[in-house]
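This note is intended for a colleague who is meeting the structure below for the first time.

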Amino acid sequence: MNKINKNTIMITLGFLGGLSSWPLLELVLSKQSLFSNYLVFFMTATLIPGLFMGLFMGCGEGLLNKSTSRTIKGAVLGLVIGAIGGILGGFIGQLLLVGIIQYFPDTDMGLILLARTIGWALVGICVGVSEGIRSRSLRKMMLGASGGFLGGAMGGFVLELLSRNESSGTYLRLAGLLLMGTMISVFYTFFDKKYSFGILRVLNGSQAGKEYRINQKKMDLGSGNRTIIFSDYDQMSDKEIQLNVEKGVITVIDDKVENNLYVNEKATVKTQLKYGDVIKAGSVKLLLEAE
Amino acid sequence: MKKIILMVISFVFSFSVYSDNISISGIDTSSMIFDGKVSLYMTITDDQGILIEGVQAESLEVLESINNKTFTERDIAFFKEGINENNGINIQLLIDNSGSMYETISGEETDIYENTRIYSAISAIKTLINSMKGSNDKAGVSYFNTYYKELVPISSNRNLVLESLQMIEEPGKDESFTELNAAVLTSAGEISSNRGRKIIIVLSDGENYPYSLVREEDSPQFGSSLFTSEQMISELKQNSATLYGINFGTGRDQSLEQVVIETGGFLYEAETEEDLALIYQNIRERVLSEYYIEYNTDTVYSEKKFVKAVLKEKSVESGTTYYFSGTIFGNPSAEFNWISIIAIPLSFLLLFLLALQKLSNPAEKPELEVKDFSGATQIFNIKDNKTVIGTSDNDDITLATDNDLPQNNATIVYDEKKSVYTVVSEKEVMVNNNPVKTRILEPGDVISIDGATIVFNDKE
């Protein structure tokens with residue numbers, strides 16, 4: 001069985017977020033008249049895509065690390081932040097829409113589409129930013145927000161265009177949601193890759209061939225649950241080594257008493273890395289490559 | 001005082017046209033998303049066209065429909081008479097400045113400016129503007145002939161309006177047409193961005209007399225476009241603006257009557273400068289004294305919702321107006337398809353399958369993963385005791401290489417007794433970035449040769 005990479009996983013998760021949100025959104029829309037007022041209706045309806053897309057995309061890092069606990073934690077956090085984003089984004093989009101209609105009543109459909117697109121872009125931001133919050137990385141949050149904004153705007157724009165069709169709105173809305181979820185993850189992945197500092201490729205052991213993108217200024221590697229996980233390797237402490245990135249320069253540090261770090265087979269406690277360097281920490285060997 | 005003025009007007013002028021006794025002149029949905037309330041501005045008059053004061057909420061009914069056929073009564077949440085006295089009005093004054101406005105009121109030519117219709121119109125407008133002192137009303141001025149020209153946009157600086165009136169000059173021969181419809185349409189568009197109550201008062205001494213129709217060539221400003229009453233009504237309604245009309249002089253435009261009625265306004269007849277001043281004042285008084293209703297709407301989906309008001313005791317209905325009530329999601333399905341719920345467990349099933357996917361490729365047998373200088377990657381299983389890596393076609397693994405670089409060969413040798421693989425080379429190659437000529441390999445070792453990166457994999 002061929003291995004799949006991070007990009008494929010993230011894009012699939014975005015797609016699944018769109019797919020899973022569709023039936024509940026349709027249910028809420030079909031019951032619109034039962035809501036006591038528009039505010040509650042909007043909050044309920046816009047919450048759903050944000051919630052499901054946040055949930056599925058939040059699973060990404062956990063799946064990549066084959067960590068069930070991290071998958072569940074990421075899913076729950078993604079769900080909460082995505083839901084908040086769904087409410088905020090949809091609500092602000094609707095407010096913009098009302099404002100445009102009220103104060104520019106002769107406006108054409110283009111401006112109305114713009115208002116709704118901005119709303120979906122805000123939903124995308126909140127979905128994209130959740131993994132950055134989970135990993136407490138401002139940089140990851142910014143990348144996620146950028147990707148989420150563009151993906152949400154693009155997918156949301158198409159969703160709105162497709163929703164205009166009255167005869168088969170439900171299936172067109174499905175297509176729009178799938179596209180929005182996919183676009184959020186595509187742009188998230190695009191920014192994640194474009195602004196990555198490099199790739200750590202595992203050279204040996206059970207994870208041989210697996211690649212980890214260096215997309216945070218501080219990353220820990222070890223057997224612990226908050227690190228890039230190498231729990232199935234010998235001689236790995238909870239936090240075996242740390243990677244620091246400053247002004248684009250990657251430094252590997254091992255500040256434990258029992259030092260077990262080698263760069264190009266030379267023992268070290270702290271070394272500035274260059275692409276092509278071979279790092280050995282505990283029993284795991286890694287190759288630093290450019291993106 | 002208000003009653004006295006209205007009574008005087010009713011005796012002095014003959015109102016040629018009356019709208020319904022109750023008319024919706026404005027609609028506001030800005031708070032609907034928060035509290036589900038829609039606001040209406042309404043004018044209520046008796047059968048002589050005189051404003052009725054003191055109407056109570058109990059006498060009124062608001063009806064709403066999503067299809068303009070079946071109407072449902074809505075609860076009135078708030079009611080107030082004379083709401084615009086506090087908030088002020090946006091008044092756009094639209095003046096006919098065609099050639100005939102420089103004749104006397106009875107239609108005779110004159111060289112004395114003070115005897116012209118335009119002089120009377122300007123004087124009446126000055127009186128109106130001066131009467132606005134101390135109020136929150138805003139005003140703007142435009143004129144039309146062959147062209148439409150905005151002199152001052154709507155603002156609270158009323159001195160600008162007075163000053164701009166001096167800029168109205170007699171048109172030349174080619175400028176003397178009466179683009180009445182085009183002017184109303186353009187004016188409605190220009191005031192659209194103003195917030196609050198909006199009215200346009202158009203004064204004309206004749207009928208729509210477009211350049212392109214008469215000259216049979218494109219108008220310098222409006223091209224070949226000829227604007228209909230329906231277009232004017234649509235534009236005014238979309239912009240929540242009410243049109244009031246004043247016929248001054250001998251000419252009459254037949255379509256103007258329909259437009260003012262449909263938009264909740266009035267059409268007046270004036271014969272003197274004094275008549276004009278009183279009519280302008282009357283229009284302002286009418287709008288200031290409008291009734292304001294807030295009612296609770298429901299959340300049933302519709303791109304537009306149609307509204308009308310009823311004066312119950314007289315069984316009189318207003319014309320129907322509408323507001324935009326679409327949502328960010330567009331049109332919902334008529335019925336929910338429960339089978340679609342399967343998409344949720346399906347998504348989680350696919351998530352589970354995704355979690356089972358391999359993210360790594362641990363080697364089961366000894367192999368070499370070769371990434372050449374172009375970035376292309378290939379995997380070669382090591383089957384023989386000697387595997388030659390080089391640039392020749394006869395080598396076991398042929399590297400695509402840059403011909404400018406010095407070329408080298410290496411051999412991976414398997415020692416059956418020790419069960420180890422060794423890299424051997426005549427010239428130095430790099431293993432884990434260290435130069436070697438011979439070196440026993442361990443899983444994960446990286447060999448660099450001729451610009452290619454080769455990873456030695458083996459089961460550990």
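1. A term is needed at the outset: two strands are said to pair if DSSP finds at least two bridges between them. The model discussed here is predicted. In chain A, five strands form an open sheet with mixed pairing, in the order S4-S3-S5-S6-S9. Strand S4 (228–229) and strand S9 (270–272) of chain A each have a single partner strand and stand at the edges, so one side of each is left without a neighbour in the sheet.

2. Strand S3 (residues 218–222) of chain A and strand S5 (residues 241–246) of chain A are joined by four bridges in the antiparallel sense. Opposite Leu221(A) stands Ile241(A), a residue of S5(A).

3. The largest nonpolar core comprises 76 residues. Those with the most contacts inside this core come from both chains: Ala45(A), Ile48(A) and Phe56(A), together with Leu40(B) and Met42(B). Helix H2 (residues 38–58) of chain A gives the most to the core, namely twelve residues. Leaving aside residues up to four places away in sequence, Ala45(A) touches Leu25(A), Val28(A), Leu29(A) and Gly90(A), as well as Phe329(B) from chain B.

4. How many residues of chain A are in contact with chain B? There are 61, and they meet 54 residues of chain B. Elements giving two or more residues to this side of chain A include helix H3 (60–64), helix H4 (68–103) and strand S11 (284–289). The largest share, eleven residues, comes from H1(A). By class, the side of chain A that touches chain B has 30 nonpolar, 21 polar and ten charged residues.

5. Is strand S23 of chain B mostly covered or mostly uncovered? S23(B) is mostly covered, with four of its five residues buried. Strand S21 (residues 420–431) of chain B pairs with S23(B) in the antiparallel sense over two bridges, and Met430(B) has Ser448(B) as its bridge partner.

6. S23(B) also runs antiparallel to strand S24 (residues 452–457) of chain B, to which five bridges join it. Here the bridge partner of Asp445(B) is Phe456(B) in S24(B). The hairpin of S23(B) and S24(B) has two residues between the strands, and Asp450(B) takes a positive phi near 50 degrees.

How values were computed
Residues are numbered from 1 along each chain as its sequence is written. Chains are lettered from A and ligands numbered from 1 in the order in which they are written. This is a predicted model: local features need pLDDT of at least 70, side-chain atom pairs count only at pLDDT 80 or more; totals for chains, interfaces and linings use all residues. A nonpolar core is a set of buried Ala, Val, Leu, Ile, Met, Phe, Trp, Tyr and Cys residues joined through C-beta atoms within 7 Å. A residue is buried if 20 or more other C-beta atoms lie within 10 Å of its own, exposed if 12 or fewer, and partly exposed in between; C-beta atoms are placed from the backbone. Two residues are in contact if their C-beta atoms, placed from the backbone, lie within 7 Å. Ala, Val, Leu, Ile, Met, Phe, Trp, Tyr, Cys and Pro count as nonpolar, Asp, Glu, Lys and Arg as charged, and the others, Gly among them, as polar.
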